[in-house]
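Take a look at the protein below.

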Amino acid sequence: MADAPPDRGSQHTRRVRRGGAGVRFRRWFHQRGFWLMLMAPVLLYLLLAQYYPLSETVRLSFFDHRLTSPEPQRFTGLDNYRQLFFEDRVFWSIVGNSLIWVLGSTGLQLATGTLFAVVLNQSVRLRGLWRGLLMVPWVMPVVVVAIVWRWIFDGEFGLANHYLLQAGILSEPVVWLGSETWVWVVLLLAGVWMGTPFVTLLVLAALQGIPDAVLEAADVDGASRWQRFWFVILPMLRPTLFIAGMIALVVTWFKFELIWALTNGGPGFATSILPTYVYSRAFQDFDFGLAGAVATTAMVIVVLVAGLVAGLFARRRG
């Protein structure tokens with residue numbers, strides 16, 4: 001009796017089983033591994049430069065860790081937060097400063113950026129030149145910007161005092177950066193000057209994406225220029241303004257270097273915001289535990305503010 005021919009399907013199954021791991025790996029690599037390999041540098045960067053410092057900051061906030069103390073770091077639970085919320089005399093005023101800074105600067109950036117974008121979307125003379133010049137503040141180093149603004153608002157030799165005295169608006173020089181009121185005006189002007197180009201760029205791109213047919217339909221219906229902007233253009237810009245606002249909010253919240261270079265958080269703690277307070281606690285007082293508590297609180301607050309803004313936007317959109 002002749003032997004039965006070998007079953008080719010069984011041979012193929014055995015080959016697949018023998019090389020199963022290799023086959024599965026090749027299949028996984030073709031489906032997901034290649035893309036993960038491309039994303040690996042970004043994921044590694046996020047892990048080492050973002051998530052690890054974030055988790056380490058939160059961990060330190062539960063420890064008593066002072067570089068000036070010879071004792072090793074000690075777990076203290078919520079003691080740093082208790083000290084910060086109930087015993088620190090300046091903490092809540094600094095939280096208020098942070099909200100003034102981030103909400104005031106972001107609102108002004110959106111308003112001025114939208115205005116400039118609408119103007120630059122018109123057929124103005126030398127439009128390309130104005131668009132290019134508008135980007136200059138955005139690309140300038142923050143320290144250079146701070147030096148320029150310190151010079152403009154210097155209490156003795158500043159340009160602001162010189163021209164305002166010449167125009168008769170001031171009767172005597174003002175120490176702008178030494179006044180608890182005027183220093184906020186200077187800081188907001190500097191922040192808006194730096195942040196407006198980014199908003200202008202986004203809004204200008206959105207304006208150029210609005211179909212001409214929509215604007216012509218508004219003209220046919222007899223809408224004035226203001227009505228066309230308010231009832232037609234602005235609603236179509238709302239998604240772009242939301243994205244620009246969220247980015248500006250987060251960037252402004254952590255814009256430590258501009259305030260530090262202009263005022264060092266002074267006079268006193270009048271212009272200190274949470275990021276500058278983290279720096280003061282960590283690298284001037286060397287209290288890393290309390291600095292971690294301030295940084296963690298700042299992260300929670302910015303998430304709550306961003307969530308509140310996103311909720312208001314979604315509610316208005318709905």
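D287 is buried, with a relative accessible area of 8%. Buried means under 20% relative accessible area, exposed means over 50%, and partly exposed is in between (1.4 Å probe, protein chains only). Salt bridges that share partners join D287 with D64, R66 and R74 in one network. A salt bridge here is a side-chain nitrogen of Lys or Arg within 4 Å of a carboxyl oxygen of Asp or Glu. This is a predicted model, where local features need pLDDT of at least 70, side-chain atom pairs count only at pLDDT 80 or more, and totals for chains, interfaces and linings use all residues. Residues are numbered from 1 along each chain as its sequence is written, and side-chain values use heavy atoms, with hydrogens and water left out.

Which residue forms a salt bridge with D287? The partner is R66, and the closest N and O atoms are 3.8 Å apart. R66 lies in the loop between β1 (63-64) and β2 (74-75), while D287 lies in the loop between α13 (274-283) and α14 (288-317), so the pair ties together parts that are 221 residues apart in sequence. Helices (H or I, at least four residues) and strands (E, at least two) are DSSP runs, numbered from the N terminus. R66 also forms a salt bridge with D64, with the closest N and O atoms 3.3 Å apart. D64 is partly exposed at 23% relative accessible area. R66 is partly exposed too, at 37%.

## Other salt bridges

How many salt bridges does a search of the whole structure find? It finds 9. One of them joins R228 and D219, with the closest N and O atoms 3.3 Å apart. D219 is partly exposed, with a relative accessible area of 40%.

## Two helices that cross

Two packed helices are described by the angle between their axes and the distance between the axes. The axes of α12 (residues 256-263) and α13 come within 8 Å and cross at roughly 70°. That makes α12 roughly perpendicular to α13. Axes are lines fitted to C-alpha atoms, for helices over the stretch in contact, and angles run from 0 to 180 degrees between N-to-C directions. Angles of 65 to 115 degrees count as roughly perpendicular.

Which residues make the contact? From α12 come F256, I259 and W260; from α13 come P275, T276, Y279 and S280. Contact means heavy atoms within 4.5 Å. By class, the contact has 5 nonpolar, 2 polar and no charged residues. Ala, Val, Leu, Ile, Met, Phe, Trp, Tyr, Cys and Pro count as nonpolar, Asp, Glu, Lys and Arg as charged, and the others, Gly among them, as polar.

## Positive phi angles

Most residues other than glycine have a negative phi. L126 has a positive phi of about 55° although it is not a glycine. L126 sits in the loop between α4 (91-120) and α5 (127-134).

N264 is not a glycine, and its phi is positive, at about 55°. N264 is in the loop between α12 and α13. N264 is partly exposed, with a relative accessible area of 49%.

Key:
Parallel < 35°, antiparallel > 145°, perpendicular 65-115°, else oblique.
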